[in-house]
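Thanks for making the time this morning; I would like to walk through one structure with you and take it piece by piece. Please have the sequence and the model open as I talk.

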Amino acid sequence: MPSGTSLDDCRPTLRGRSRRSFLSLLGLGGAAALAGCSAPESDGTVAEPVEYVEGTATGTRTLNFLSVDDNPAVNRVQLALDGAYAVTPEQEIFPLWADISTDEGRVYTVELRDNLEWGAEYGQMTAEDWIYTITEVFQADPNWAGFPNTGDWRQNGEPIPVEKTGRRSFEIQLQSVDPAFPLRPVMWGAFCMPKALIEQYRPGGDQAGLQQDEEVQTLTYAGNLGPYRFERWERESEFVAVRNDEYYLREVDGVPDEWRDAPYFDSYTYQVVPEGSSRLSALRSGELTATDVPETRVEQLEGVDGIDVKVFPQAFMTSLIYNQRSNGSFYEALREPAVRRALAHAVDKEHIVDDVLRGYGNVAHTFQPTFSQWYADDEVTEYGVGDTYGHERARELLESALDPTPYRYDGDRVVDEDDEQVTLDLVFVQGSQAVQTTAQLVAQEYDAVGLDVEITGKEYGTLVEQHVFNSWQGDGDPPWNAGPYNGGPRDGSVSQDPWDLILGVTFNTYPRTPSATRGFTIERGGINFYGYVPETDFGSLFETATGTVDETERGETLAEIFGALSAEQPFNFLNMGVKIVGYDSAVRGPEEVFGYTWNRNTWRLDSA
Amino acid sequence: MGLKWYTARRVAWAGVVAGVILTVTFVLLELAPDSQLASVQFQAAARGGSADAAAEAYARRRGLDGPLWERYVDYLANLATGDWGWSDTRSQPVGEAILTALPYSLMYTVPAVIASTALGISIGLYSAFNQYTKTDYAATFVAFFGISVPNFWFGILLLLVFAVHLGWVPVLFDAELARTHTFSLANARQLALPVFVLGTSAVAGTMRYTRAEALEYVRATFVKAARAKGVSERRILTRHVLRPTLVPLSTILVGDLLGVVLSASYLVEVVFGIPGLGRLSLEAIRRQDTALVLGTTLVPVFVAVVGNLLQDLAYAVLDPRIDYGDR
């Protein structure tokens, strides 16, 4: 930033932020320099502040990470607080505030760096701060602070013991071996607050007081713990953080060179621009350095000077979910793996990816993306692509698969035991054109194999309330209850309104910690709202996979799991999503890999 | 006494109306499905945690953890003491949120309303005095264009032309600039398009109403008599046509103002990224921020009730035949 000159004073002329926008405003920039709004460097050239401005659709609701951990909040807090450690795309731990280690995979030792200083006179960050935050907030019962992920810090309902082992070190003592623990979003990326700050509110359980605390609202306690300092937060407009010259990583030995001088932007801004077209216009005019681009708009940016579009693989999967609970109109059939396999032959996944998603997605075949190290080609059975897609073949398979069910073919249509045409209710989440078009496409494909489909769009919250939540409708108490998404056995626990197919509820496939998919795939899983009862004993397999530190055994077990899932087709795995971002072409750093933001503090403009 | 009594009764009635609207809004928000809650629960369950515990934590941090009636009584009690509550989707008091957003809305609505009212009335009067001429047809075309063109689309189009291609104005609204340099040229530049878009939609209505009302009087006998007595055209326009025209016109001006503040501003603020009242209330509804929804509901209720009262009082000022003394 120009020395001795406030950015505010120059604001009218420094509105364009990136290199490209400065060029476009060259005339105004010259005027600003004449007015003394730019600082001359030793060689006489004028140094402009290097600003990174990211356009987003929505702002954050808070900077209190103890109560909210959604992406907008975490992204902003992360500018001022690095978090415990990062995970590279190669799934290696990159220590930031701390390193984590273990001998046998059950007890993990966290070692904090020695130069971590809180702001607002809270002193050095110590193990005491972490122990207090974990035990008095993350594990607090009752959950006075409203911490959203209490389950992360508990095992089998009990708090995970944490113990101080030194001024800057503490142990996390798991109940059982978990080699993937460092990759779970528990310690990975975890933030901490000063003990003395939380102590002001803990005794009375004063959540509102904590929420409204000025230091929490402005991150003044962040000290040297992040690459940027909080500058200002205009709600629903912009969040601005400026370069932190005290950043602790500058004084740390053994970090890669690019981290020692990081960050390379004088300020980092999240600019809220609710309208998608306006965001793209701002990217074109150089007022934004980066913003997300919907797949339908990529073509407009291709070939535009000064803009690079990058595509990042993601772990979120879109599936066609089958209702196997007893309130579906075709549930007896959908409970048969052979029927589900036959239906998987009827939907052209490549057509959806190539034409509906315009190529911005990847075909899915199981509950892992192909880039995952746990995805084994030779174990996975593919449906809906190449020879495994075709209406004739689907009809042949469906005809025989329907034998043990009350349904059959009458001519070229599927009918029930009353000889009535089977009509399936497909409910999709409104708001995405791609989802709606996919729903229409599925209806056409199913029609071609003799099944009528009626499609209905619903807002996400309504869809969840009416079709996803389910509860026990039978006599007495349910034999078991796994929560609002799985209220008990599929014959007795059903949703408020019937449905047959759901589209648009995406699932995280957890490629770093694949055993987290357990809740989707076992009968009593917390997410199993579709009433899937597997033929394979996934529970035991997951137990083996999570309980071993032998990487080979783990890999083989997970390969078996994801192979079996592809064969059983609990739902039709359609495609894995991608994130498309348009950047100022001067931006250097983002690589088109999964988890690409881990090193965003080292990104730069090539003129910087 | 009569006018004062009338005014006092109207103000008291406004309090009842505000109470009913607040109650209905409060209950409707409670009944609406909560997408955020669904997401939070889904995320917790997907991570192997308890969806119920996540729902409890969510209710706690959103202040939704008591019975409905208890929360409602608390809210009314706080409101009575001037405390409009805490917006948990913005992490600031509701009063502060409204006071922060209001200036941004005023920055473009006030110029738009003033310009559209002045232009609308002027063009309307001109059209009435020059009925069925080419200029009248041109003004009519402009009016219909302003009414017909969707603000949302028009705003995006203007941004593409004037911001992206010509570079005359910025695409992004700089709230910091607007706050710290309100009366600067740079702020005027970034407000030019929002004012224009809002103005084009508002000017049309005013112009057509003015034209229609003024036509009633242009050929009225008292206007002919005035002309016959040698009264100047300027005096006929301002005293004999404009003044009676303003009586019914004042009715639609309040409606126009409400329309501009409540509906048009939503779209304009979304397209231009202005963090004003429109977006504040839109986001509050979308995120089901009860305190903020109620706070932002009170503002238009106030504008509507007080605006209508002022409009009724204006009748008496504009037309001496109207008197509230016996009501």
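This is a predicted model: local features need pLDDT of at least 70, side-chain atom pairs count only at pLDDT 80 or more; totals for chains, interfaces and linings use all residues.

Leaving aside its neighbours within four places in sequence, Gly582(A) is in contact with Leu283(A), Ala290(A), Thr291(A), Val293(A), Leu301(A), Ile307(A) and Val309(A). Gly582(A) is found in strand β26, which covers residues 571-584 of chain A.

The largest nonpolar core has 212 residues, and the members that touch the most others are Ala80(A), Leu501(A), Ile561(A) and Phe562(A). The largest share of this core, 10 residues, is supplied by α5(B). There is also a second, separate core of five residues, which includes Ile121(B), Leu125(B), Ala128(B) and Ala214(B). Returning to Leu501(A), and not counting residues up to four places away in sequence, we find that it touches Leu320(A), Ile321(A), Tyr322(A), Leu424(A) and Leu426(A).

The peptide bond from Asp141(A) to Pro142(A) is cis, with omega near 5 degrees, and Pro142(A) lies in the loop between α5 (127-138) and β8 (154-155) of chain A. The bond from Ala262(A) to Pro263(A) is cis as well, with omega near 0 degrees, and Pro263(A) sits in the loop between α9 (257-260) and β14 of chain A.

Which residue of chain A has a positive phi of about 55 degrees although it is not a glycine? That is Arg358(A), placed in the loop between α14 (349-356) and β17 (362-363) of chain A. Arg358(A) has 16 C-beta neighbours inside 10 Å and therefore counts as partly exposed. In chain B, Gln288(B) has a positive phi of about 55 degrees although it is not a glycine, and it is found in the loop between α12 (277-286) and α13 of chain B. Gln288(B), however, counts as buried, because it has 20 C-beta neighbours inside 10 Å.

That brings us to chain B as a whole. The secondary structure of chain B comes to 13 helices and two strands, and along its principal axes the C-alpha trace spans about 90 × 60 × 35 Å. Of the 327 residues of chain B, 39% count as buried. If we take the contacts in chain B with a separation of 6 or more, 73% of them are between residues 24 or more positions apart. The domain assignment divides chain B into domain 1 (35-83) and domain 2 (95-318), and the C-alpha centres of these two domains lie 39 Å apart.

Helix α6, residues 134-148, has 15 residues and reaches 21 Å from its first C-alpha to its last, close to the 21 Å expected at 1.5 Å a residue. The buried residues of α6(B) are Ala139(B), Ala143(B) and Gly146(B). Why do we say that they line one face of the helix? Seen down the axis of α6(B), these buried residues fall within an arc of 65 degrees, so they line one face. They pack against α5 (94-129) and α9 (185-218) of chain B, whereas the face turned away from the buried side carries exposed residues, among them Tyr137(B), Phe141(B) and Phe144(B).

Helix α13 of chain B, residues 290-318, has 29 residues and reaches 41 Å, close to the 42 Å expected. Its buried residues include Thr290(B), Leu292(B), Leu294(B) and Ala304(B).

Finally, the interface between the chains: 52 residues of chain A are in contact with 52 residues of chain B. On the chain A side, α7 (207-212), β14 (267-272), α10 (276-284) and α17 (460-468) each supply at least two residues. By class, that side has 14 nonpolar, 24 polar and 14 charged residues.

Notes: Residues are numbered from 1 along each chain as its sequence is written. Chains are lettered from A and ligands numbered from 1 in the order in which they are written. Helices (H or I, at least four residues) and strands (E, at least two) are DSSP runs, numbered from the N terminus. The expected span of a helix is 1.5 Å times one less than its number of residues. A residue is buried if 20 or more other C-beta atoms lie within 10 Å of its own, exposed if 12 or fewer, and partly exposed in between; C-beta atoms are placed from the backbone. Two residues are in contact if their C-beta atoms, placed from the backbone, lie within 7 Å. Ala, Val, Leu, Ile, Met, Phe, Trp, Tyr, Cys and Pro count as nonpolar, Asp, Glu, Lys and Arg as charged, and the others, Gly among them, as polar. The arc is that of the directions from the helix axis to the C-beta atoms. A nonpolar core is a set of buried Ala, Val, Leu, Ile, Met, Phe, Trp, Tyr and Cys residues joined through C-beta atoms within 7 Å. Domain bounds come from an automatic or database domain assignment.
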